[in-house]
Amino acid sequence: MIPVTTFKGRNVALFGLGGSGLATAQALVSGGANVTAWDDNPESVTRASQAGINVADLRGVDWSKQAAFVLSPGVPLTHPKPHWTVDLAKAAGVEVIGDVELFVRERRAHAPDSPFIAITGTNGKSTTTALIAHVLKESGRDTQLGGNIGTAVLTLDEPKAGRFYVVECSSYQIDLAPTLNPTAGILLNLTPDHLDRHGTMQHYADVKERLVAGSETAIIGVDDSFCTLIADRVERAGVSVKRISKRSPVADGIYADGTKLVLAHGGASELFVDLDGIPTLKGAHNAQNAAAAVAACLAVGLTPTEIVQGLKSFPGLKHRMQPVGRRGHVVFVNDSKATNAEAAAPALSSYDRIYWIAGGLPKQGGITSLAPLFSHIVKAYLIGEAAPAFAATLGESVRYEISGTLEQAVAHASADADGDAIASAVMLSPACASFDQFKNFEVRGDAFVQLVADLQDVTMLVDTGNRS
């Protein structure tokens with residue numbers, strides 16, 4: 001835990017007592033703050049009280065005596081309308097912040113030179129975050145990984161010299177971190193997302209921009225117009241900007257030329273690494289993720305040799321285009337995190353011959369947007385509630401069967417792939433939510449891994465002993 005000492009002896013109101021919210025309350029108390037916490041969920045309030053946190057309805061708090069209001073990132077700050085606690089805090093002139101802001105203040109107070117890499121973007125941020133942390137760990141650095149990737153940032157080890165932090169930041173977290181100042185800040189890309197919480201695409205982009213605007217080195221993907229404009233603005237403001245692209249050369253930064261990552265500086269360019277042969281970094285989207293990781297690791301002092309070694313040993317992000325097993329010329333790929341068509345597209349575009357397991361609880365729009373990638377699919381194995389609708393979309397374009405269950409789909413797809421003389425992939429990339437047959441996409445992905453492990457003569461590429 002990181003004790004939040006910057007509010008020692010002062011009153012802090014807190015709303016939101018889920019996993020990260022409770023951890024934040026405990027970190028504040030550990031640092032000596034006088035916390036009053038609340039949640040709309042009575043069970044969360046009870047759990048916090050049992051953990052020793054002072055709980056009280058914030059409607060009855062004297063807001064004039066609060067030094068800060070800490071809000072869970074899951075609670076609306078601005079749209080569709082501010083939460084009632086935000087209105088009370090602002091009426092009293094109390095600053096509204098979140099757990100990432102508490103972290104950056106502790107870092108500034110106790111170890112301002114500890115390298116801090118912050119990552120955001122609409123797509124790819126979890127893979128990029130995991131990749132950077134892996135490269136750092138492989139190089140022997142003391143590495144802390146957290147944030148939106150699933151580990152509350154205040155549950156990490158406290159800042160000290162030589163300790164590296166890799167923190168994934170959602171737009172909600174950035175919105176609550178007004179003094180965010182990473183050593184290297186990454187903005188991968190921007191497409192419309194979370195507009196119910198940000199109102200407009202421009203406001204969403206403005207929030208994301210704050211992460212790189214406060215960075216010592218800003219690493220910005222320039223393959224969309226919003227990010228291109230942000231890169232220009234941030235550079236004009238005096239920040240060192242490294243541009244990255246998965247499709248076009250850049251003058252100062254890193255770009256992809258097919259599978260090759262090219263380092264450009266001062267009008268010159270040189271090959272940095274070829275990603276060909278790294279199965280966990282296939283596809284143009286992963287070239288962008290890897291380019292961002294390279295730029296960030298260079299910015300915090302790693303050598304090119306250390307970075308290349310880390311890239312080559314990256315095991316992949318669990319449930320995201322993750323190679324989990326191999327049998328002869330067939331690779332088994334777990335892309336269970338692809339819960340809609342847009343999320344499934346990168347995996348489908350990264351392999352030429354796919355035995356595709358898809359289906360589950362359908363999302364609006366189905367898989368019609370994937371039609372340009374149907375030529376990559378040798379045969380589809382459809383499961384869950386979406387099977388009939390997906391079959392109708394595939395029509396005569398793609399051979400398919402309605403397998404019904406994941407177990408049947410894996411058995412049939414693996415048998416068919418074995419009979420294919422060409423290198424191919426048996427891929428779970430459902431383009432659907434899991435809730436008709438599984439608790440969540442993690443459970444679905446774990447089930448796929450176990451079914452692959454149960455096949456004969458498969459060499460597993462992941463540990464099946466502990467898939468939690």
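**Cavities, strands, pockets and a helix in the predicted model**

A search of the whole structure finds two cavities of 30 Å³ or more, a cavity being a set of points, on a 1 Å grid over the protein atoms alone, where a 1.4 Å probe fits but cannot get out. The structure is a predicted model, in which local features need pLDDT of at least 70 and side-chain atom pairs count only at pLDDT 80 or more, whereas totals for chains, interfaces and linings use all residues. Residues are numbered from 1 along each chain as its sequence is written, and side-chain values use heavy atoms, with hydrogens and water left out.

The second largest cavity has a volume of about 50 Å³, where a volume is the space filled by probe spheres set on grid points that are joined across faces, edges and corners. Its lining, made up of residues with an atom within 4 Å of a point, consists of Leu14, Phe15, Gly16, Ser20, Gly21, Thr24, Val70, Leu71, Ser72, Pro73 and Asp99. At least two lining residues come from each of β1 (11-15), α1 (19-30) and β3, with α1 giving the largest share, three residues; helices (H or I, at least four residues) and strands (E, at least two) are DSSP runs, numbered from the N terminus. By class, the lining of this second largest cavity holds five nonpolar, five polar and one charged residue, where Ala, Val, Leu, Ile, Met, Phe, Trp, Tyr, Cys and Pro count as nonpolar, Asp, Glu, Lys and Arg as charged, and the others, Gly among them, as polar.

Strands β1 and β3 also belong to an open sheet of four strands, ordered β2-β1-β3-β4 and paired in parallel; two strands pair if DSSP finds at least two bridges between them. The edges of the sheet are formed by β2 (34-38) and β4 (96-97), each of which pairs on one side only. Five bridges connect β1 with β2 in the parallel sense, and Val12 stands opposite Val35 of β2. At the other end of the sheet, β3 (residues 68-71) and β4 are parallel and share two bridges, with Phe69 having Val96 of β4 as its bridge partner. Four of the five residues of β1 are buried, so this strand is largely enclosed by the rest of the structure; buried denotes under 20% relative accessible area, exposed over 50%, and partly exposed the range in between (1.4 Å probe, protein chains only).

Strand β9 (residues 217-221) has five of its five residues buried, and is therefore largely enclosed by the rest of the structure. Both of its faces are covered, with Thr217, Ile219 and Gly221 buried on one side and Ala218 and Ile220 buried on the other. Strand β8 (residues 184-187) runs parallel to β9 and is joined to it by four bridges, in which Leu187 has Ile220 as its partner in β9. Strand β10 (residues 240-245) is likewise parallel to β9, through five bridges, and Gly221 is partnered there by Ile244.

The largest pocket contains about 1500 Å³ of space, a pocket being an open set of grid points with protein on both sides within 12 Å along at least five of seven lines. It is lined by 50 residues, of which Thr122, Asn123, Gly124, Lys125 and Arg320 are the closest to its centre. Helices α5 (125-138), α6 (171-175), α8 (201-213), α10 (284-299), α12 (341-350) and α15 (441-453) each contribute at least two residues to this lining, which comprises 14 nonpolar, 22 polar and 14 charged residues. The second largest pocket has a volume of about 630 Å³; among its 22 lining residues, those closest to the centre are Ala130, Pro315, Gly316, Leu317 and Lys318. Two or more residues of this second lining come from each of α5 and α15, and α5 provides the largest share, four residues. Nine nonpolar, eight polar and five charged residues make up the lining of the second largest pocket.

Helix α14 (residues 406-418) has 13 residues, which at 1.5 Å a residue should span 18 Å, and the separation of its end C-alpha atoms, 18 Å, agrees; the expected span is 1.5 Å times one less than the number of residues. Its buried residues are Leu406, Ala409, Val410, Ala413, Ser414 and Ala417. Viewed down the axis of α14, these buried residues fall within an arc of 115 degrees, so they line one face of the helix, the arc being that of the directions from the helix axis to the C-beta atoms. Ala413, found in α14, is buried with a relative accessible area of 0%. The C-alpha atom of Ala413 lies 9.5 Å from that of Ile354, a residue 59 residues apart from it along the chain.
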